[in-house]
Amino acid sequence: MSQSAFQIREATPEDARAITELHIRGWRAAYKGLFSDERLAGLDVERGTQRRAEFLRDMPTPQHRWWLLEEDGTLVGFATAGPARDDDLGDETIELYAIYVEPERIGSRLGKRLMDHVLAHARASGHAALSLWVLVGNERANHFYERAGMVPDERAAPIPAETDGPIKHRLVMTLSD
């Protein structure tokens with residue numbers, strides 16, 4: 001029985017479709033019951049692929065990163081991070097924008113591989129803290145991030161595109177060498 005080969009690498013614009021397809025599968029699995037069925041069904045691969053390819057071609061800053069986790073050359077997860085978008089955090093904080101793994105692989109430690117990679121990058125880049133926003137009702141994600149050492153702070157906000165939808169809250173982690 002052979003062992004799988006895992007690799008984490010930087011994403012390129014050519015990866016946009018595979019990332020988008022995984023992202024949509026992840027959304028539909030993670031957010032069922034948190035967002036409307038109509039919203040989840042309306043996620044568009046073509047539009048997402050185009051936006052993501054443009055972003056990957058012209059990253060807003062050198063600090064923006066997209067990492068792909070591949071198993072034997074097949075995409076099984078991704079993470080993206082960059083400058084913290086919250087004014088109260090400052091330049092010393094890096095924000096984890098997302099981690100997604102194949103829904104049927106949740107619980108197989110792929111997310112931990114990605115989280116460890118993000119944390120190593122954040123520390124090596126000299127960041128003092130990591131932040132992220134997560135939906136309050138997404139218990140699996142909240143538990144994952146809290147196990148990784150992230151703690152909720154006092155910040156919470158509605159999802160911008162939702163008028164009567166889910167609330168997100170911020171988690172933070174102080175990084176030390």
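This short talk concerns the charged side chains of the structure shown above and the partners they find.

Good morning. Please keep in mind that the model is predicted. Side chains of opposite charge can pair when their charged atoms come close. The count of salt bridges here comes to 13, and I shall present some of them.

Let us begin with R17. Its side chain meets that of E21 in a salt bridge, at 3.6 Å from N to O. Both residues belong to helix 1, which spans residues 16-30, and because they are four residues apart, about one helical turn separates them. R17 is partly exposed, with a relative accessible area of 33%, and E21 is also partly exposed, at 31%.

R17 has a further salt bridge, with E46, at 2.6 Å from N to O. This pair links distant parts of the chain, since E46 lies in helix 3 and R17 in helix 1, 29 residues apart.

I turn now to the strands. D153 and R170 form a salt bridge whose closest N and O atoms are 2.6 Å apart. D153 lies in strand 6 and R170 in strand 7, so the pair ties together parts that are 17 residues apart in sequence. D153 is partly exposed, at 22% relative accessibility, whereas R170 is buried, at 2%. These two residues also join D86 and D88 in a network of salt bridges.

Thank you for your attention.

Conventions:
Residues numbered from 1 in each chain as written. Predicted model: local features only at pLDDT ≥ 70, side-chain atom pairs only at ≥ 80, totals over all residues. Heavy atoms only, no water. Salt bridge = Lys/Arg side-chain N within 4 Å of Asp/Glu carboxyl O. Helix = DSSP H or I, 4+ residues; strand = E, 2+ residues; numbered from the N terminus. Buried < 20%, exposed > 50% of the residue type's maximum accessible area, 1.4 Å probe, protein only.
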